[in-house]
Amino acid sequence: MSTTLEIVRIPVLSDNYVWLMREPQSGSVGVVDPAVAGPVLAEADKRGWKITHILNTHHHGDHVGGNMEIKSATGCTIVGLGRDKARIPGIDVTVDDGDRYRFGEAEGEVIFVPGHTSGHCAYAFRDQQALFCGDTLFALGCGKMFEGTPTQFWTSLSRLRALPDDMRVYCAHEYTQSNARFALTVETDNKALKERSAAIDAARAKGEATVPSLLGEEKLTNPFLRADVPSVQKAVGMTGKDPIEVFAEVRHRKDVFR
Ligand code: ZN
Ligand code: FE
């Protein structure tokens, strides 16, 4: 049965996005990475939606902080990566790389993407063109490398990059404008990046969100997905080097960027 997920963005804390989604055939309602409970419960309530699932991408407090309160209010099922189950509060269902998780009539593929944390995953709903990637891939950026190695992180980003261009990137933070400022210091001559950056500035000036973005535009403009692209390698003085080393250099530059 074909279906179309309804996906709602809930801005919480200073710059987090929680994603609330409903699968209309079954009435299943999922929350991806509830940083907090109150605004999520209120949004679901306002729509008459009953939360049945929480999908967690990783253990950080700004992604699981609302788990227990939402679970006690709704009795929902909490889904997360089995290898990090000790750090996901209230976890009921453990998944692993390559698993297909049924969410009503929709299906999300679990992709293990270590780098930001050692137990991070993404949920790719291919026929919905929806990628929930937590803090692994951001619009024009990627997460900080807290628990992973450059090899892991580059491998993870490469796996996400292999998904189709028309996937929408539902990441967990509104960091796009500062990411764009940094990206422009790496690739000064990337025309698509310049145009995108101008559009982002215009959107933010109007107070609009820049997430979700399209994976296709990330492939053309996000420096962290482009460590094997000659123009990026040249820009950081590493022509012909291993993309893992180039990724590590770009990540380091971002860490010290002000
Ligand atoms: Zn995080
Ligand atoms: Fe986060």
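Which residues coordinate the zinc ion (ligand 1)?

1. **Zinc site.** The zinc ion (ligand 1) is held by His58 through NE2, His60 through ND1, His116 through NE2 and Asp135 through OD, at 2.2 to 2.3 Å. Donors here are N, O and S atoms within 2.8 Å of the metal (3.2 Å for Na, K and Ca), and sites may look incomplete because water is not among the atoms. Along the sequence the zinc donors follow the spacing H-x1-H-x55-H-x18-D.

2. **Basis of the note.** This is a predicted model, in which local features need pLDDT of at least 70 and side-chain atom pairs count only at pLDDT 80 or more, while totals for chains, interfaces and linings use all residues. Residues are numbered from 1 along each chain as its sequence is written, chains are lettered from A and ligands numbered from 1 in the order in which they are written, and side-chain values use heavy atoms, with hydrogens and water left out.

3. **Zinc geometry.** The arrangement around the zinc ion (ligand 1) is irregular because its 4 donor atoms subtend angles of 84 to 171°. By the criteria used, four donors are tetrahedral if all angles lie between 85 and 135 degrees; four are square planar and six octahedral if opposite donors are over 155 degrees apart and all others between 65 and 115; anything else is irregular.

4. **Iron site.** Helices (H or I, at least four residues) and strands (E, at least two) are DSSP runs, numbered from the N terminus.

5. The zinc ion (ligand 1) and the iron ion (ligand 2) are 3.3 Å apart, and Asp135 coordinates both. His60 lies in the loop between strand 4 (53-55) and helix 2 (61-64), and Asp135 in the loop between strand 10 (130-134) and strand 11 (137-138), so this pair ties together parts 75 residues apart in sequence.

6. His60 is buried at 17%, and His173 is buried at 3%. Buried means under 20% relative accessible area, exposed over 50%, and partly exposed in between (1.4 Å probe, protein chains only).

7. An open sheet of 6 strands has the order 7-8-9-10-13-14 and mixed pairing. Its edge strands, strand 7 (100-103) and strand 14 (213-214), each pair on one side only. Two strands pair if DSSP finds at least two bridges between them. Strand 7 is antiparallel to strand 8 (residues 106-112), with 4 bridges, and Phe103 has Ala106 of strand 8 as its bridge partner. Helix 4 (residues 150-161) packs on the sheet and touches strand 8, strand 9 (121-125) and strand 10; its direction makes about 155° with that of strand 8. Contact means heavy atoms within 4.5 Å. Axes are lines fitted to C-alpha atoms, for helices over the stretch in contact, and angles run from 0 to 180 degrees between N-to-C directions.

8. **Strand 10.** Strand 9 runs antiparallel to strand 10, joined by 3 bridges, with Phe125 opposite Ala130. These two strands form a hairpin with 4 residues between them, and Gln129 in the turn has a positive phi of about 50°. Strand 10 pairs with strand 13 in the parallel sense over 4 bridges; there the bridge partner of Ala130 is Arg168.

9. **Domains.** The protein chain is assigned domain 1 (6-171) and domain 2 (176-255), with bounds from an automatic or database domain assignment. Their centres, taken over C-alpha atoms, are separated by 24 Å. In the contact between them, 28 residues of domain 1 meet 31 residues of domain 2.

10. **Helix 8.** Pro230 is found in helix 8 (residues 230-235). With a relative accessible area of 61%, Pro230 is exposed.
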